[in-house]
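Please keep the viewer open while you read.

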Amino acid sequence: QVQLVESGGGLVQAGGSLRLSCAASGSRFSINAMGWYRQAPGKQRELVAAFTSVGSIDYSDSVQGRFTISRDNGNNTVYLQMNSLKPEDTAVYYCNMRITIAHIQRNYWGQGTQVTVSS
């Protein structure tokens, strides 16, 4: 079994920065893709940024140029550096990893971390 643990959310003023982290723990697994999603009240969960299975990076148009996704493969960790935050970035942020265990691939989600940007 694999667990994803997120950290780094909080309250920040518009224009500020936050860094989210998500670490996967468990045994005998490999990570095929990893990324960040967010869900604002009353809205559907949406992709923010992700490393794809072929090694490219996708960003939502709304965060392009402000957010940066990075990873530490040795520690099975993905990060999201968020700069120039706007009130519309307020949401619960979830990390997602597509993980293979014993030849079976499935999606895993973190517990979610609240990001609130005040105007």
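## Serine 60 and the ground rules

Serine 60 is buried, its relative accessible area being 17%; buried means under 20%, exposed over 50%, and partly exposed in between, with a 1.4 Å probe and protein chains only. This serine sits in the loop between β6 and β7. Setting aside neighbours within four places in sequence, serine 60 is in contact (heavy atoms within 4.5 Å) with Leu47 and Val48.

A word on the numbers: this is a predicted model, in which local features need pLDDT of at least 70 and side-chain atom pairs count only at pLDDT 80 or more, while totals for chains, interfaces and linings use all residues. Residues are numbered from 1 along each chain as its sequence is written, and side-chain values use heavy atoms, with hydrogens and water left out.

## Overall fold

What does the secondary structure of the protein chain come to? There are zero helices and 11 strands, and the pattern along the sequence is β-β-β-β-β-β-β-β-β-β-β. Helices (H or I, at least four residues) and strands (E, at least two) are DSSP runs, numbered from the N terminus.

The C-alpha trace spans about 45 × 25 × 25 Å along its principal axes. The protein chain has a radius of gyration of 14 Å, which agrees with the value near 14 Å for a compact globule of 119 residues. That radius is taken over C-alpha atoms, and the globule rule is 2.2 Å times the number of residues to the power 0.38. Among contacts with a separation of 6 or more, 55% are between residues 24 or more positions apart.

## Surface and charge

Of the 119 residues, 39% count as buried. The accessible surface of the protein chain is about 6500 Å², and carbon and sulfur atoms hold 45% of it. These areas come from the Shrake-Rupley method with a 1.4 Å probe; for residues, only the protein chains shown count as cover.

The protein chain carries 10 positive and 7 negative side chains, with the centres of the two sets 6 Å apart. Lys and Arg count as positive and Asp and Glu as negative, while His and the chain ends are not counted. The place of a charge is taken as NZ of Lys, CZ of Arg, CG of Asp or CD of Glu.

## A network of salt bridges

Side chains of opposite charge can pair when their charged atoms come close. How many salt bridges does a search of the whole structure find? The search finds three, a salt bridge being a side-chain nitrogen of Lys or Arg within 4 Å of a carboxyl oxygen of Asp or Glu. Arg38, Glu46, Arg66 and Asp89 are linked in a network.

Arginine 38 pairs with glutamate 46, their closest N and O atoms being 2.7 Å apart. Glutamate 46 is partly exposed at 34% relative accessible area, whereas arginine 38 is buried at 6%. Arginine 38 also forms a salt bridge with aspartate 89, with 3.0 Å between the closest N and O atoms. Arginine 38 belongs to strand β4 (residues 30-39) and aspartate 89 to the loop between β8 (77-82) and β9 (91-101), so this pair ties together parts that are 51 residues apart in sequence.

Is aspartate 89 buried or exposed? Aspartate 89 is buried, with a relative accessible area of 1%. Its salt bridge with arginine 66 has closest N and O atoms 2.8 Å apart. That pair links distant parts of the chain, 23 residues apart, with arginine 66 in the loop between β6 (57-59) and β7 (67-72). Arginine 66 is buried too, at 11% relative accessibility.

## Two more places to look

Valine 92 lies in strand β9 and is partly exposed at 21% relative accessibility. Beyond its neighbours within four places in sequence, valine 92 is in contact with Tyr37, Arg38, Gln39, Gly112, Thr113 and Gln114.

Proline 87 is found in the loop between β8 and β9, partly exposed at 34% relative accessible area. Its contacts, leaving aside neighbours within four places in sequence, are Ala14, Val117 and Ser119. Proline 87 and glutamine 13 are 74 residues apart in sequence, yet 8.2 Å apart from C-alpha to C-alpha.
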